[in-house]
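Please look over the sequence and the model shown below. The paragraphs that follow go through the strands, the helices, the core and the domains.

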Amino acid sequence: MITVTHLTKRFGRVTAVDDASFSALPGRVTGLLGPNGSGKTTTLRTLVGLVRPTSGSATIAGRPYASLPNPARNVGTMLDADALHAGRTGREELRLAAGILGLPASRVDDVLEIVGLTPAEAKRRTRTYSLGMRQRLGLGLALLGDPEVVVLDEPANGLDPMGIRWMRTLLRDFASEGRTVLLSSHLLTEMQTVCDDVVVVGHGRVLAQGTTASFVESDGNLEEAFVRLTAGTDRERVQQ
Ligand SMILES: Nc1ncnc2c1ncn2[C@@H]1O[C@H](COP(=O)(O)OP(=O)(O)OP(=O)(O)O)[C@@H](O)[C@H]1O
């Protein structure tokens with residue numbers, strides 16, 4: 001379970017996250033939605049210990065990421081699919097990470113299969129990868145340790161329609177095994193399909209949260225709910 005409690009993060013004069021509280025539950029896919037600059041990435045980065053909160057907390061299984069036993073095995077993260085070593089092959093990236101996590105080399109082949117990278121693709125240097133292939137490899141790195149919790153920033157970014165469908169199935173299967181999935185995305189139709197629960201943020205604040213079904217019931221679909229809730233929130237207001 002992921003718990004964000006009264007989380008605030010300021011960067012100088014900019015309040016990126018403003019007293020945000022929400023949870024993401026095991027067995028469910030939770031979507032973090034908000035306009036550009038509304039604090040989604042900052043929230044996810046705080047959750048995995050890359051950003052220090054100004055106040056409040058973000059915990060996984062009741063603990064800050066850094067104090068989890070073996071955090072990289074318990075929590076899979078994909079926060080920047082471009083953060084790959086351009087000169088390494090996909091397989092080398094996975095093998096290196098598996099070594100650091102103390103996982104057998106066979107896990108690399110399992111993961112390549114899960115994320116749908118062929119042996120030929122895995123042999124190519126990541127600088128030659130398309131955005132969709134980088135997303136698949138990034139997801140593979142997140143899943144390597146067979147984590148109970150995954151935190152993904154824009155995982156469907158750059159995927160083609162079949163890729164998005166594949167991602168949806170993967171995340172749904174993952175949640176159906178009782179794991180916790182928290183992701184951010186701007187693809188509202190996709191979020192409506194994949195998420196059980198939704199947290200809508202605007203200028204760093206939580207504007208609304210609830211089941212996807214409750215938003216569909218109130219507004220007809222998630223996009224309409226998003227437009228209603230985030231009207232008047234944008235990057236400029238965050239920077240005031
Ligand atoms: N390291 C930083 N230093 C200064 N300001 C930052 C930093 N990181 C984020 N911000 C600011 O915090 C605010 C929230 O940014 P964040 O990236 O969390 O939003 P987001 O909702 O993920 O946006 P997007 O949808 O565009 O990815 C923005 O105004 C951004 O410029």
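Strand β1 (residues 2–11) pairs with strand β4 (residues 55–60) in the antiparallel sense over 5 bridges. Helices (H or I, at least four residues) and strands (E, at least two) are DSSP runs, numbered from the N terminus, and two strands pair if DSSP finds at least two bridges between them. The structure is a predicted model, in which local features need pLDDT of at least 70, side-chain atom pairs count only at pLDDT 80 or more, and totals for chains, interfaces and linings use all residues. Residues are numbered from 1 along each chain as its sequence is written.

β1 and β2 form a hairpin with 2 residues between them, and glycine 12 in the turn has a positive phi of about 60°.

These strands make up an open sheet of 3 strands in the order β2-β1-β4, with antiparallel pairing. β2 and β4 stand at the edges with a single partner strand each, so one side of each has no neighbour in the sheet. Neighbouring strands of this sheet are turned by 20° against each other on average, direction ignored.

Another open sheet has 6 strands in the order β5-β6-β7-β3-β8-β9, and its pairing is mixed. Its edge strands are β5 (75–78) and β9 (205–211), each of which pairs on one side only. From one strand to the next the twist averages 15°. Inside this sheet, strand β3 (residues 29–33) and strand β7 (residues 180–184) pair in the parallel sense over 4 bridges, with leucine 32 opposite serine 184 in β7.

Helix α1 packs on this sheet, touching β3, β6 (149–153), β7 and β8 (197–202), and its direction makes about 150° with that of β6. Axes are lines fitted to C-alpha atoms, for helices over the stretch in contact, and angles run from 0 to 180 degrees between N-to-C directions. Two residues are in contact if their C-beta atoms, placed from the backbone, lie within 7 Å. α1 also lies across β1, β2 and β4, running at about 115° to β1.

How many of the residues of α1 are buried? In helix α1 (residues 40–47), 8 of its 8 residues are buried, among them Lys40, Arg45 and Leu47. A residue is buried if 20 or more other C-beta atoms lie within 10 Å of its own, exposed if 12 or fewer, and partly exposed in between, with C-beta atoms placed from the backbone. Serine 38 lies in the loop between β3 and α1, and it counts as buried because it has 28 C-beta neighbours inside 10 Å. Just after α1, glycine 49 takes a positive phi of about 80°.

Leucine 47 of α1 is also a member of the largest nonpolar core, which has 59 residues; Leu47, Val151, Val181 and Val198 touch the most other members. A nonpolar core is a set of buried Ala, Val, Leu, Ile, Met, Phe, Trp, Tyr and Cys residues joined through C-beta atoms within 7 Å. The core draws at least three residues from each of domain 1 (2–61 + 148–238) and domain 2 (84–146). Leaving aside its neighbours within four places in sequence, leucine 47 is in contact with Ile2, Ala58, Ile60, Tyr65 and Val151.

The bounds of the two domains come from an automatic or database domain assignment. The C-alpha centres of domain 1 and domain 2 lie 25 Å apart. Their contact takes 9 residues from domain 1 and 6 residues from domain 2. On the side of domain 1 that touches domain 2, β6 and α7 (161–176) are the elements that give two or more residues.

Glycine 132 has its place in helix α6 (residues 131–143). With 19 C-beta neighbours inside 10 Å, glycine 132 counts as partly exposed. Apart from neighbours within four places in sequence, glycine 132 is in contact with Gly158, Leu159, Asp160 and Gly163.
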